[in-house]
Amino acid sequence: MSPILVVIFLAAAAARIASVLVSKRHEKKMRAEGAVEHGALNTKLLALAHMAFYFAAFAEGWVRGAEFDAVSMTGLVAFVASMLMLAWIVRLLGAVWTVKIMIAPNHPVSRHALFRTVRHPNYFLNILPELFGYALIFHAYFTLAIGLPVYLVILAVRIVQEERAMRDLFQAAARH
């Protein structure tokens, strides 16, 4: 495997760990203010699926002896774009952004154009391009073909749970 791919693996893992640390800081503050978590089991399944996808793609690349080429570069561009989108989403949502479904008393509803234009931008503009790009970096086509559909099932459940948890917030926001 190309050494640059090992560096990319480590950098990608560091980026995801950093996002989890931000999430944990936000979660701690939200819980102290009375926030309630929804869909805890699904959140754990998503976290496991995310880690499994990362390690499977890296392992597949290792076994394939993947080299950094045009396919890897395309994946890296998609991955970096997805991380920039994550940073923007975290900035827009501020202290209510977590990797969990957390609903706080007086939870603000974002009225930013991104959230009015794209339903669940964190999933569709960050996570899915992230996983797709990550698999391409390592030429992990098997991981992409098997891992992404499995992840999508768990993510679909997550979206239903989030919609249910946020329904009252949206209705209250619409009244104001």
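The model is predicted, so local features need pLDDT of at least 70 and side-chain atom pairs count only at pLDDT 80 or more, while totals for chains, interfaces and linings use all residues. Residues are numbered from 1 along each chain as its sequence is written, and side-chain values use heavy atoms, with hydrogens and water left out.

A nonpolar core is a set of buried Ala, Val, Leu, Ile, Met, Phe, Trp, Tyr and Cys residues joined through side-chain atoms within 4.5 Å, where buried means under 20% relative accessible area, exposed over 50% and partly exposed in between (1.4 Å probe, protein chains only). The largest such core has 34 residues, and Phe53, Phe79, Leu131, Tyr134, Phe138, Tyr151 and Leu155 have the most contacts inside it. Two or more residues each come from α1 (3-32), α2 (40-64), α3 (70-93), α5 (121-137) and α6 (141-175); helices here are DSSP runs (H or I, at least four residues), numbered from the N terminus. The largest share, seven residues, is given by α5. Another core, of five residues, lies apart, and Met30, Ala35, Met102 and Ala104 are among them.

Aromatic rings come next. Rings of Phe, Tyr and Trp (its six-membered ring) pair if their centres lie within 6.5 Å, and planes under 30 degrees apart count as stacked, over 60 as edge-to-face and the rest as tilted. The count comes to seven aromatic pairs. Phenylalanine 58 and tryptophan 62 form a tilted one, 5.9 Å centre to centre with 45 degrees between the planes. Both lie in helix α2, four residues apart, about one turn of the helix. Phenylalanine 58 is buried, at 14% relative accessible area, whereas tryptophan 62 is exposed, at 52%.
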